[in-house]
Amino acid sequence: MNTKEFQYQSMLVNGFLMLFLNLLVIPALVVSSFLVFGSESAVTIAATVLLSILFILITPGYFSQEPNEARVMVFFGKYEGTFTSTGFFWVNPFMNKKKLSFRARNLDVVPIKVNDKIGNPILIGLVLVWKLRDSYKAMFEIDSQTMADNSAKPNQVSATVAGRMNAFEEFVRIQSDAALRQVAGLYAYDDSETDAAELTLRGGGDEINEELVLKLNERLSMAGIEVLEARINYLAYAPEIAAVMLRRQQASAIISAREKIVEGAVSMVKMALEKLSADQVVELDEEKKAAMVSNLLVVLCADEAAQPVVNTGTLNH
């Protein structure tokens, strides 16, 4: 993936060292302030002013950074690099340090109504895990900064890291909706509506999830965002056709069950005839065999228990 991101290599000082120097400036500033009131010499006034300016300039340059965090360094509109090291540091106080998080985040996409491959309206939802990969693209290729600034509180000077990450999350949410619609339109809901060998949303499993990850990464690469995992967590027919599809599934299940029952009944009848003949229990002509087969199939395939009729006469009556 092409990127314009690079590591920050400009001036950087250990924060504890600068803090020590800053603490030395404070007593010097206090002493010079007393001297100004004692003697109004130009040298004393100039020293006090310079120490005050030095103290004011040093203070904003401090920052600390934790693992999986980064600072995008911008100096008067120019990108100076991305700083990813952890610890306590001091940089040029005029440097704008835009904080980002590279930690993984979850997103639960609310189920949306789409049409599957054959046009059936369905409800489908998605859960995914994403994280930032490219700080340059995240900050400068999409307008996340404006969205974050607009969501900031009135008393905030600029957007916080939470505001920026929420802006990225909203971007991921919208693109996830589009990718989910695209993937859902490529497959049928289940195999009862298409060729049994064809991949379906309900039976696709990991293959459908991999397709989702691929489509999402294609859409989110422009923003420097990577999807680590995506899974369909909700799949159902839309309410307007759910009842009809339920009856269709019930009918399909009944047909499958009947086929299994008939297959078993035929096997049992065949076994009974072969056993009677092998053990020479009774000799049956073709007509009697046909009657026996008919009776056994009725008994074995009936939904309710058969009511037997006891024959008290001969075999022929």
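# Reading a predicted fold, feature by feature

Author: Let's start with one atom-level detail: the backbone nitrogen of Phe94 is reached by the side chain of Asn92 at 2.9 Å. Keep in mind that the model above is predicted.

Reader: Let me step back to the whole chain. How many helices and strands does it have?

Author: You will find nine helices and nine strands in the protein chain. Of its 317 residues, 33% are buried. The accessible surface is about 19400 Å², and carbon and sulfur atoms hold 59% of that.

Reader: How can I read the contacts as a picture of the fold, and what part of them comes from residues 24 or more positions apart?

Author: Look at how far apart in sequence the touching residues are. Among contacts with a separation of 6 or more, 69% are between residues 24 or more positions apart.

Reader: Now the inside. Which residues of the largest nonpolar core touch the most other members?

Author: The general idea first: in soluble globular proteins, nonpolar side chains tend to be buried together. Here the largest nonpolar core has 41 residues, and those touching the most other members are Leu126, Leu128, Trp130, Leu132, Phe168, Ile225 and Ala230. At least two residues of this core come from each of E3, E7, E8, H3, helix H5 (161–184), helix H7 (206–220) and E9. H5 gives the most, with eight residues.

Reader: What does Leu126 touch, again leaving out residues up to four places away in sequence?

Author: Its partners are Leu107, Asp108, Val109, Ser176, Leu180, Leu212, Leu216, Ala230, Arg231, Ile232 and Asn233. There is also a second, separate core of seven residues, and Phe63, Phe89, Val91 and Met95 are included in it.

Reader: On to charged pairs. How many salt bridges are there?

Author: To count one, look for a side-chain nitrogen of Lys or Arg within 4 Å of a carboxyl oxygen of Asp or Glu. By this rule there are 11 salt bridges.

Reader: What do Glu66 and Arg103 tie together?

Author: Their side chains meet in a salt bridge, 3.1 Å from N to O. Glu66 sits in the loop between strand E2 (62–65) and strand E3 (69–75), while Arg103 sits in the loop between strand E6 (95–101) and strand E7 (105–115), so the pair ties together parts that are 37 residues apart in sequence. Glu66 is partly exposed at a relative accessible area of 45%, and Arg103 is partly exposed at 34%.

Reader: Which residue meets the side chain of Glu69 in a salt bridge?

Author: That is Lys99, at 3.6 Å from N to O. Glu69 in strand E3 and Lys99 in strand E6 are 30 residues apart, and the pair links distant parts of the chain. Glu69 counts as buried, with 8% relative accessibility, whereas Lys99 counts as partly exposed, with 25%.

Reader: How far apart are the closest N and O atoms of Arg133 and Glu226?

Author: They are 2.3 Å apart, in a salt bridge. This pair too links distant parts of the chain: Arg133 is in the loop between strand E8 (121–132) and helix H3 (135–140), Glu226 is in strand E9 (residues 225–237), and 93 residues separate them. Arg133 is partly exposed at a relative accessible area of 43%, and Glu226 is partly exposed at 26%.

Methods. Residues are numbered from 1 along each chain as its sequence is written. This is a predicted model: local features need pLDDT of at least 70, side-chain atom pairs count only at pLDDT 80 or more; totals for chains, interfaces and linings use all residues. Side-chain values use heavy atoms; hydrogens and water are left out. Helices (H or I, at least four residues) and strands (E, at least two) are DSSP runs, numbered from the N terminus. Buried means under 20% relative accessible area, exposed over 50%, partly exposed in between (1.4 Å probe, protein chains only). A polar contact is a pair of N or O atoms within 3.5 Å; within protein, one must be able to donate a hydrogen and the other to accept it, and residues adjacent in sequence count only if both atoms are side-chain atoms. A nonpolar core is a set of buried Ala, Val, Leu, Ile, Met, Phe, Trp, Tyr and Cys residues joined through side-chain atoms within 4.5 Å. Contact means heavy atoms within 4.5 Å. Accessible areas come from the Shrake-Rupley method with a 1.4 Å probe; for residues, only the protein chains shown count as cover.
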